Amino acid sequence: MSSRNTLRRALTGAALGVVLAVGVPLAASAHVTVDPGTADPGSYTQVQFRVPNESETAETVRLEVTLPSDTPFTSVRYEPVPGWTATITTSTLPEPVEVGGNTITEAPTSIVWQADPGVGIGQGQFVNFPVSLGPVPDVGSVLLPAVQTYDDGKVAEWTATPDEVAADDTLDPAPVLYITDAPPADEHGAHSAGAAGSSGSSGSSDEMTMTTDAAAPADSSSGLALGLSIAALVLGAGGAVLGALAFARRPKARS
């Protein structure tokens, strides 16, 4: 009996180890991202900031995204998200910038989404905040630092550059929009640049309704594939445990 119990505990521990080995990296990888993560130079691209809630006790109630001031977007528009109020801040740039043959001295420098009373992103949830940005500058990439605030006062600062994260993987990475640079192979929301760009009208503070269906199929399919892979792995481990237990319980043949 003791040998069977030992076998049972060992196999159960192995199965749990498989589940934890899969689940822990997934939980640790959840962070604020921009999707799609690529865009064409000169385009007016439609993207969405994907914000997961990582707290087990609090809800996300505010998101602030900082826009570049050295390579500014002169047109920034947002799609209304039910239960959230968006505010675009336009500021004077540190230095004048040439955009499309025009000298720009001020541009949108941040977007803030604030949850209405009683609204928030709860445990196990995420919300997409769609925006239109343009024209996309002809640069390698654009860093879009994000600050996520919870209703208990805690703040998650997703502001580290890729180089900083490479040197210290404990830092929280900022969303990055890759333009002429190729995104890392494991970058969240890394789709083809051609799918990211779309034409649009200029403006800096008007509300707009836009279609994000082009980005949804790739994201949904990758999420489904990942979920199926995890389920298969867990079920396989469970089958191994049950099979081993059945073998252990089989009566020994008498000599």
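User: How many bridges join β3 to β9, and in which sense do the two strands run?

Analyst: Strands here are DSSP runs (E, at least two residues), numbered from the N terminus. Two strands pair if DSSP finds at least two bridges between them. Five bridges join β3 to β9, and the strands run antiparallel. Arg62, for instance, has Thr149 in β9 as its bridge partner. This is a predicted model: local features need pLDDT of at least 70, side-chain atom pairs count only at pLDDT 80 or more, and totals for chains, interfaces and linings use all residues. Residues are numbered from 1 along each chain as its sequence is written, and side-chain values use heavy atoms, with hydrogens and water left out.

User: In what order do the strands form the open sheet?

Analyst: The order of the five strands is β5-β6-β3-β9-β10, with antiparallel pairing. β5 and β10 are the edge strands, each pairing on one side only. β3 and β6 share five bridges. There, Leu63 has Trp113 in β6 as its partner. β9 and β10 are joined by four bridges. Val147 faces Glu157 in β10.

User: Which residues have the most contacts inside the largest nonpolar core?

Analyst: In soluble globular proteins, nonpolar side chains tend to be buried together. A nonpolar core is a set of buried Ala, Val, Leu, Ile, Met, Phe, Trp, Tyr and Cys residues joined through side-chain atoms within 4.5 Å. Buried means under 20% relative accessible area, exposed over 50%, partly exposed in between (1.4 Å probe, protein chains only). Here the largest core has 35 residues, and Phe49, Trp113, Phe129 and Leu144 have the most contacts inside it. β7 gives the largest share, four residues. A second, separate core of five residues includes Val97 and Ile104.

User: What is Phe49 in contact with, beyond its neighbours within four places in sequence?

Analyst: Contact means heavy atoms within 4.5 Å. The partners of Phe49 include Leu63, Trp113, Phe129, Leu144 and Pro175.

User: How many salt bridges does the structure hold?

Analyst: A salt bridge is a side-chain nitrogen of Lys or Arg within 4 Å of a carboxyl oxygen of Asp or Glu. The structure holds two. Asp35 and Arg50 form one, at 3.8 Å, N to O. Asp35 lies in β1 and Arg50 in β2, so the pair ties together parts 15 residues apart in sequence. Arg62 and Glu64 meet in a salt bridge at 3.3 Å, N to O.

User: Are Asp35 and Arg62 buried or partly exposed?

Analyst: Asp35 is buried, at 3% relative accessibility. Arg62 is partly exposed at 25%. Glu64 is partly exposed, with a relative accessible area of 25%.
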